[in-house]
Amino acid sequence: MRPYLIQEILQLTTEHLELVLFAILIAAGIGLPAGVLLARSPKLRPLLLGFSNVMQTVPSLALFGFLIPVPFIGGIGKRTAIVALVLYALLPILRNTLVGILGIDPAIRESAVAMGMTARQLLWRVEIPLALATIVAGLRIATVTTIGTATIAAAIGGGGLGVFIFRGIASVDTTQILAGAIPAAVLALLSDGGLGWLERKFAAYSR
């Protein structure tokens with residue numbers, strides 16, 4: 001493999017990781033508190049879950065395109081790409097947080113309340129620890145899908161491994177396509193394996 005290509009692979013892989021990391025951190029910062037809120041407020045569930053579901057149904061390239069003219073968050077570059085990736089990552093994080101908390105045995109909650117726990121103590125000492133495996137499963141799904149979707153970011157100047165893929169398609173160069181696709185697949189497999197290990201650990205802890 002050409003030396004300059006190896007250097008570019010490392011550079012674009014770093015860019016790709018940055019896109020995914022920022023998107024997942026922002027999505028988790030929104031989705032986790034929102035999931036807790038939905039567990040407490042059933043009336044809000046159709047609205048927030050409906051919005052997240054709609055975002056999932058919009059084709060990724062179309063969503064990137066729709067965001068470009070939006071003031072403040074749009075434009076060409078990484079900012080718009082990260083916003084789009086956050087919207088795609090929200091649903092599994094939000095839904096799994098909600099499902100994890102609602103799936104806790106009501107008898108456990110009643111016992112905690114009977115012991116004098118406040119709502120905050122109930123959340124942090126009982127609900128979050130018991131729901132961790134399900135929450136991590138949501139983060140796992142969101143991370144793996146975001147790694148794949150982030151390749152589209154290159155279409156709007158967001159960088160990442162998609163640069164190779166789009167360049168390879170334009171020039172009918174299989175080497176370029178593989179240079180983008182293989183590292184992206186490796187990143188997805190490593191993330192899936194690492195978060196899967198955490199999920200199993202938390203599941204054993206919950207039991």
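**Stop 1: the whole thing.** Keep in mind that this is a predicted model. Colour by secondary structure and you'll find 8 helices and 0 strands. Starting at the N terminus, the order is simply α-α-α-α-α-α-α-α. Of the 207 residues, 44% are buried. Take the contacts between residues at least 6 apart in sequence: 71% of them link residues at least 24 apart.

**Stop 2: the core.** Which residues touch the most other members of the largest nonpolar core? Select Leu 63, Phe 64 and Phe 164: they do, in a core of 48 residues. Now show the helices that each supply two or more residues to this core: α1 (3-40), α2 (45-57), α3 (60-67), α4 (78-102), α6 (119-149) and α8. The top contributor is α1, with 13 residues.

Zoom in on Phe 64 and show its neighbours. Leaving out residues up to four places away in sequence, Phe 64 touches Thr 80, Ala 81, Ala 84, Leu 85, Thr 149, Ile 152, Ala 153 and Ile 156.

**Stop 3: two loops.** Select Phe 72, in the loop between α3 and α4. Its phi is near 75 degrees, a positive value in a residue that isn't glycine. Is Phe 72 buried or exposed? Phe 72 counts as exposed, because its relative accessibility is 77% and the cut-off for exposed is over 50%.

Next, jump to Val 172, in the loop between α7 (162-171) and α8. Val 172 isn't a glycine either, and has a positive phi of about 50 degrees. With a relative accessible area of 73%, Val 172 is exposed.

Stop 4: Click on Leu 190, which sits in helix α8 (residues 174-206). Leu 190 has a relative accessible area of 60%, so it counts as exposed. In soluble globular proteins, nonpolar side chains tend to be buried together.

Definitions and conventions
Residues are numbered from 1 along each chain as its sequence is written. This is a predicted model: local features need pLDDT of at least 70, side-chain atom pairs count only at pLDDT 80 or more; totals for chains, interfaces and linings use all residues. Side-chain values use heavy atoms; hydrogens and water are left out. Helices (H or I, at least four residues) and strands (E, at least two) are DSSP runs, numbered from the N terminus. Buried means under 20% relative accessible area, exposed over 50%, partly exposed in between (1.4 Å probe, protein chains only). A nonpolar core is a set of buried Ala, Val, Leu, Ile, Met, Phe, Trp, Tyr and Cys residues joined through side-chain atoms within 4.5 Å. Contact means heavy atoms within 4.5 Å.
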